[in-house]
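Here's a quick briefing to read alongside your structure. Take a look at the model first, then work through the points below.

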Amino acid sequence: MPVTIRPAKDPDAPALGRMGAALARQHHGFDSQRFMVPDDVESGYRWWLGKEARRPQEAVVLVAELDGEVVGYCYGRLEGVDWNMLLDKHGALHDIWVDAKARGTGTGRLLAEAMVQRLTEMGAPRVVLSTAAKNEAARRLFERLGWRPTMVEMTRETPPGA
């Protein structure tokens with residue numbers, strides 16, 4: 001069966017929590033000083049993404065289904081002017097995750113393209129995202145889909161006791 005992309009629904013909450021937690025753990029593995037993993041991260045993501053899915057004027061939560069099973073998700077928001085980031089009104093793609101068993105099927109591309117389409121329909125003139133510096137597969141995917149590098153985040157730990 002082909003991959004189906006659709007808006008997240010309440011029954012998707014457990015899968016969203018599981019995948020959001022996996023994304024958080026992956027980032028923490030890339031750089032444990034920069035990326036936090038909150039206590040009970042799975043229930044936190046289940047709550048957060050469920051809440052955001054019920055705010056369709058501001059947020060978009062999409063899921064990817066393969067053979068009737070949720071195997072990926074994408075989360076984005078319509079954002080206003082951000083003086084700190086020097087961004088005009090824009091869409092932000094915050095999260096994208098595809099389970100290992102569905103990687104290589106085009107699921108990530110389908111999720112990203114569906115997110116861009118939905119944010120464009122909501123009025124976003126551009127879609128901005130950040131990806132972990134060590135996540136080379138994601139960076140390659142995003143570049144293939146037309147994103148260009150525009151910023152580099154850098155982190156420095158402060159001295160102990162400062």
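At 56% relative accessibility, Asp-40 counts as exposed (exposed is over 50% relative accessible area, buried is under 20%, and partly exposed is in between, using a 1.4 Å probe and protein chains only). Keep in mind that this is a predicted model, where local features need pLDDT of at least 70, side-chain atom pairs count only at pLDDT 80 or more, and totals for chains, interfaces and linings use all residues. Residues are numbered from 1 along each chain as its sequence is written, and side-chain values use heavy atoms, with hydrogens and water left out.

**Positive phi angles**
- Most residues other than glycine have a negative phi.
- Asp-40 isn't a glycine, yet its phi is positive, at about 50°.
- You'll find Asp-40 in the loop between helix H1 (13-30) and helix H2 (41-53); helices are DSSP runs of H or I with at least four residues, strands are runs of E with at least two, and both are numbered from the N terminus.
- Leu-86 isn't a glycine either, and has a positive phi of about 55°.
- Leu-86 sits in the loop between strand S3 (69-79) and strand S4 (90-98), and is exposed at 74% relative accessibility.

**A residue in helix H4**
- Ala-137 belongs to helix H4, which covers residues 136-144.
- With a relative accessible area of 47%, Ala-137 is partly exposed.
- Ala-137 and Ala-114 are 23 residues apart in sequence, and their C-alpha atoms are 19 Å apart in space.

**The annotated span**
- UniProt, in an unreviewed entry, lists residues 3-162 as "domain: N-acetyltransferase"; its positions follow the numbering used here, feature names are shortened, and annotations may be inferred rather than shown by experiment.
- Residues 3-162 are 34% helix and 22% strand, with end C-alpha atoms 51 Å apart.
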